[in-house]
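Here is a brisk report on one chain, written for a reader who has the coordinates open.

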Amino acid sequence: RLWEASASLDPSAPIVHRNLAIAYGYGKPEVSLDKAIAHLETAVSETPKYARHFAELDELYEAVGLAPEKRLARLEQNREVVEQRDDSSARVIGLLVSLGRYDEAIQRLTGREFAVWEGANLNVADNWVDAHVLRGRKLLAAGRPKEALADFNAALAIPANLPSEGVDTSIREPELAYWIGCGQEALGDAAQADAFWKKSAAAQAGGAMMREPQAYYQALSLRKLGQAGKAAALLDALIASAGGALKAAPPGAAEGQTQVQLRAERARLAAAHYATGLGYLGLDNKSKAKEELTQALAASPDHAGARSALADLH
């Protein structure tokens, strides 16, 4: 309450407003994301401006499910300040990938040396992989397989300027091998295409967050190899697994959740609905796929995979 009084006496004190936002966002003494956002919006509207405040405000926007277009607009309107820190810059890049602006995302990932510090979760290595894979898919669909293959291969080679400790690109081997196979097919090299689809189908994708989506690409590879029955069984299992996860842990009430809890809950729901949507997409049940992918975006509006899949359906 003393902080509230201090802020009211000096409304131009961004640090005081930021501290109040942190208190409300983490439930000290009470959780109120509305109040946390209001205080941080005040903080970033005053001078001096701090890049860290923009990163923290965007985390709150993510927690309440604000549209990524609006989040990015706020950050880009203050680009000179935002680019002073790696964490705020990384949030811009993640939003660019989500919104399909892959060239811009890759340019920013290439032109900056991102530091590593304790507690930081920049996700820039994952953004690198996503941007190249998704851009490569667009190039392939546009009849430019050589350029698409360059992107798929670049996704496997995270540059040294991006902190990548703990990022294992082999987790996405089924996905990347599938798309490289498609690129080789488009170039007329059936033998190479089959080799990559076999690699995709045989891969052991690890990691709970990635295992289910990767099963989708393994199923697509099996279908390319003429094993439609195995592909359908894998997709059925994917739907059952992701749907079971939703039933076992239904959505929790947002009221009283801290921003960290709410962001984690949104990510969990989005991942389960996304995996289910991919399963239905693989089975060519487009109406069910659209329903699940839409729910994934309702939970996490910046989910790049769900946004891209929905765009393809349209």
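Q257 counts as buried, because its relative accessibility is 15% and the cut-off for buried is under 20%. The model is a predicted one. Q257 sits in the loop between helix 14 (228–248) and helix 15. Leaving out residues up to four places away in sequence, Q257 touches V31, L33, L262 and E265.

**The chain overall**

The chain has 17 helices and zero strands. Of its 314 residues, 47% are buried. Take the contacts between residues at least 6 apart in sequence: 60% of them join residues at least 24 apart.

| Helix pair | Angle | Axis distance |
|---|---|---|
| Helix 2 (residues 14–25) and helix 3 | roughly 160 degrees | within 8 Å |
| Helix 4 (residues 51–64) and helix 15 (residues 259–282) | about 50 degrees | 8 Å |
| Helix 11 (residues 173–186) and helix 12 (residues 190–202) | about 165 degrees | 8 Å |

**Helix 2 with helix 3**

The axes of helix 2 and helix 3 cross at roughly 160 degrees. Helix 2 is therefore roughly antiparallel to helix 3. Their crossing is left-handed. Helix 2 brings P14, H17, R18, L20, A21, Y24 and G25 to the contact, and helix 3 brings L33, K35, A36, H39, L40, T42 and A43. By class, the residues of this contact are eight nonpolar, four polar and two charged. L33 of helix 3 has a part in this contact, and L33 is also among the residues that Q257 touches.

D34 belongs to helix 3 (residues 33–45). Is D34 buried or exposed? D34 counts as exposed, because its relative accessibility is 62% and the cut-off for exposed is over 50%. D34 and Y61 are 27 residues apart in sequence, and their C-alpha atoms are 10.0 Å apart in space.

**Helix 4 with helix 15**

Helix 4 and helix 15 pack at an angle of about 50 degrees. The two are therefore oblique to each other. Helix 4 passes helix 15 in a left-handed crossing. On helix 4 the contact residues are E59, L60, E62, A63 and V64; on helix 15 they are Q259, L262, R263 and R266. The classes here are four nonpolar, one polar and four charged. L262 of helix 15 belongs to this contact, and Q257 touches L262 as well.

**Helix 11 with helix 12**

Helix 11 and helix 12 pack at about 165 degrees. They are therefore roughly antiparallel to each other. Helix 11 passes helix 12 in a left-handed crossing. From helix 11 come E173, P174, A177, Y178, I180, G181, C182, Q184 and E185; from helix 12 come Q192, A193, F196, W197, K199 and S200. The contact divides into eight nonpolar, four polar and three charged residues.

K199 lies in helix 12. K199 is partly exposed, with a relative accessible area of 42%. Which residues does K199 contact, leaving aside its neighbours within four places in sequence? They are E173 and A177. K199 and Q218 are 19 residues apart in sequence and 9.1 Å apart in space, C-alpha to C-alpha.

**Aromatic rings**

A pair of aromatic rings is described by the distance of the centres and the angle of the planes. How many aromatic pairs does a search of the whole structure find? The search finds five. In one of them, the ring centres of Y178 and Y217 are 6.1 Å apart and the planes stand at 45 degrees, so the pair is tilted. Y178 lies in helix 11 and Y217 in helix 13 (residues 208–224), so this pair ties together parts 39 residues apart in sequence. Y178 and Y217 are both buried.

Y217 also pairs with Y216: the ring centres are 4.9 Å apart and the planes are at 70 degrees, so this pair is edge-to-face. Y216 is buried too. F152, Y178, W179, Y216 and Y217 form one aromatic cluster.

Key: Residues numbered from 1 in each chain as written. Predicted model: local features only at pLDDT ≥ 70, side-chain atom pairs only at ≥ 80, totals over all residues. Heavy atoms only, no water. Axes fitted to C-alpha atoms, helices over the stretch in contact; angles between N-to-C directions. Helix = DSSP H or I, 4+ residues; strand = E, 2+ residues; numbered from the N terminus. Parallel < 35°, antiparallel > 145°, perpendicular 65-115°, else oblique. Left-handed = near helix turned anticlockwise from the far one by under 90°. Contact = heavy atoms within 4.5 Å. Nonpolar A, V, L, I, M, F, W, Y, C, P; charged D, E, K, R; others polar. Phe/Tyr/Trp six-rings, centres within 6.5 Å; stacked < 30°, edge-to-face > 60°. Buried < 20%, exposed > 50% of the residue type's maximum accessible area, 1.4 Å probe, protein only.
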